[in-house]
Amino acid sequence: MIVVSKPLLDVLSGTRRMPPPVWMMRQAGRYLAEYRAVRAKAGSFLGLCFNPELAAEVTLQPIRRFGFDAAILFSDILVIPHALGRSVRFVEGEGPRLDPLTSASAIDSVRGDYDPQVLAPVYETVRQVKAQLPDGVALIGFCGAPWTVATYMIAGRGTPDQGPAKAAFADDPAAFARLIDKLVDASADYLCGQIEAGAECLQIFDSWAGSLSPEDFVRWSIAPTQKLVAKVRARHPQARIIGFPRGAGQGIPRYARETGVDAVSLETEIDRDFARREIQTLVPVQGNLDPLVLRAGGDALDRAVDEVLAAFAQQPFVFNLGHGILPDTPVAHVERMLARVRGA
Ligand code: CP3
């Protein structure tokens with residue numbers, strides 16, 4: 001049997017690869033016509049997340065089209081609130097909607113455990129993708145970080161400043177901490193289920209980490225993520241984990257030291273000299289091309305790709321965006337980015 005090494009897993013183990021492995025956050029999504037076709041067939045968005053055949057198909061679409069070095073499971077961070085009994089809907093053109101949690105007693109009414117059968121279709125998706133994955137391509141599982149998932153549960157929707165969740169922890173930190181603990185437990189179980197089905201590494205998306213003050217970032221992002229990582233490693237000591245505390249900037253070195261993640265994904269806005277000196281000396285990094293520049297394309301895109309490579313490619317590095325690809329990004333720009341990263 002020939003064992004093919006996987007560039008993404010090599011980098012997460014601390015080995016530099018040139019060209020660097022590359023994938024994109026939200027690589028399965030509306031910028032692809034083939035995704036929109038499956039999405040229309042699936043009906044609701046959660047219906048797509050819980051349909052293993054269709055979810056496996058959309059996970060593999062960007063691999064077939066672009067040959068990325070990693071496939072990311074098609075699912076959503078909000079399947080955890082769904083499993084915990086909160087009704088989750090996706091409104092066309094608007095985003096997710098849940099029933100908001102408007103008091104400490106409402107927060108405490110959230111269940112602490114769930115029927116494992118609810119998430120079984122996601123594990124089946126992982127198995128089906130794994131069986132069809134080309135050699136050398138790694139399969140990434142994921143969840144939302146407790147803080148980011150809590151912001152959607154409390155507000156019942158995405159918010160510009162995460163105000164409702166911040167008000168909730170200011171009003172009753174103990175009740176908020178009990179919700180965070182339930183999310184740590186459910187998310188750890190969910191990540192372990194993904195590994196047991198065949199995921200080879202995991203990413204924890206803390207998309208709203210940047211709205212927390214430095215003290216609150218330690219309490220509501222670093223500490224719960226550290227618990228989550230420890231719980232996953234208790235069952236799977238070898239689990240490779242990427243953390244994405246988006247917008248945490250100066251707080252990221254401490255996040256890298258204390259959470260125990262193997263690598264961190266960097267937002268577009270971070271100072272790259274700071275990141276190279278203070279973060280990439282601790283752990284491999286991933287990122288951080290501006291999704292707006294990818295959408296714009298042209299010479300500006302070439303220059304931006306070169307800047308990212310110049311900053312990070314001398315050390316273990318995964319090329320990615322600083323946040324998810326925008327739905328109106330031309331496919332040709334993705335091809336141009338890939339050719340440049342791979343030196344074609
Ligand atoms: O390709 C991939 O990256 C894998 C699948 C994936 C999705 N969501 C599919 C999706 C992943 C990793 C996510 C993560 C996710 N979901 C995050 C963290 C990353 C980030 O973007 O900050 C968050 C905050 C969510 C919650 C969520 N899901 C929102 C706010 C929205 C609406 C915004 C939007 O883009 O429409 C979603 C919907 C969603 N999740 C879509 C996709 C492809 C688009 C919905 C559709 O196809 O109708």
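# Why is it called that?

Author: Let's start at the ligand: one of its nitrogen atoms is 2.7 Å from an N or O atom in the side chain of Asp76. This is a predicted model, where local features need pLDDT of at least 70 and side-chain atom pairs count only at pLDDT 80 or more, while totals for chains, interfaces and linings use all residues. Residues are numbered from 1 along each chain as its sequence is written, and side-chain values use heavy atoms, with hydrogens and water left out.

Reader: Which residues come nearest to the ligand?

Author: Arg26, Arg30, Tyr35, Asp76 and Ser207 do, out of 22 residues around the ligand. To be included, a residue needs a heavy atom within 4 Å of the molecule.

Reader: What makes Arg26 stand out in its backbone?

Author: Its phi is near 60°, a positive value in a residue that is not glycine. Most residues other than glycine have a negative phi, and most peptide bonds are trans. Arg26 is in the loop between H1 and H2. Pro19 is in that loop too, and a cis peptide bond, with omega about -5°, joins Met18 to Pro19. Gln162 also has a positive phi, about 55°, and is found in the loop between helix H8 (146–155) and helix H9 (163–171).

Reader: How do you know which class Lys6 belongs to?

Author: The relative accessibility of Lys6 is 16%, so Lys6 counts as buried. Lys6 lies in the segment before helix H1 (7–12), a helix here being a DSSP run of H or I with at least four residues and a strand a run of E with at least two, numbered from the N terminus. The side chains of Lys6 and Glu200 form a polar contact of 2.9 Å.

Reader: What is in contact with Asp206?

Author: Contact means heavy atoms within 4.5 Å. Beyond its neighbours within four places in sequence, Asp206 has several partners, including Ser221, Thr225 and Phe244. Asp206 and Phe244 are 38 residues apart in sequence, yet their C-alpha atoms are 5.6 Å apart. Asp206 sits in strand E5 (residues 201–206), and with 0% relative accessibility it is buried.

Reader: What makes a space a pocket?

Author: Rolling a probe the size of a water molecule over the atoms shows where empty space is left. On a 1 Å grid over the protein atoms alone, a pocket is an open set of points with protein on both sides within 12 Å along at least five of seven lines, and lining residues have an atom within 4 Å of a point. The largest pocket has a volume of about 1,400 Å³. Of its 43 lining residues, Arg26, Arg30, Asp76, Phe90 and Pro96 are the closest to its centre.

Reader: How many residues of that lining are nonpolar, polar and charged?

Author: The lining of the largest pocket has 23 nonpolar, nine polar and 11 charged residues. Ala, Val, Leu, Ile, Met, Phe, Trp, Tyr, Cys and Pro count as nonpolar, Asp, Glu, Lys and Arg as charged, and the others, Gly among them, as polar. In the second largest pocket, of about 150 Å³, the lining has seven nonpolar, four polar and one charged residues. H11 gives the most to this second lining, with four residues. A volume is the space filled by probe spheres set on the grid points, which are joined across faces, edges and corners.

How values were computed. Buried means under 20% relative accessible area, exposed over 50%, partly exposed in between (1.4 Å probe, protein chains only). A polar contact is a pair of N or O atoms within 3.5 Å; within protein, one must be able to donate a hydrogen and the other to accept it, and residues adjacent in sequence count only if both atoms are side-chain atoms. On a 1 Å grid over the protein atoms alone, a cavity is a set of points where a 1.4 Å probe fits but cannot get out, and a pocket is an open set with protein on both sides within 12 Å along at least five of seven lines; lining residues have an atom within 4 Å of a point.
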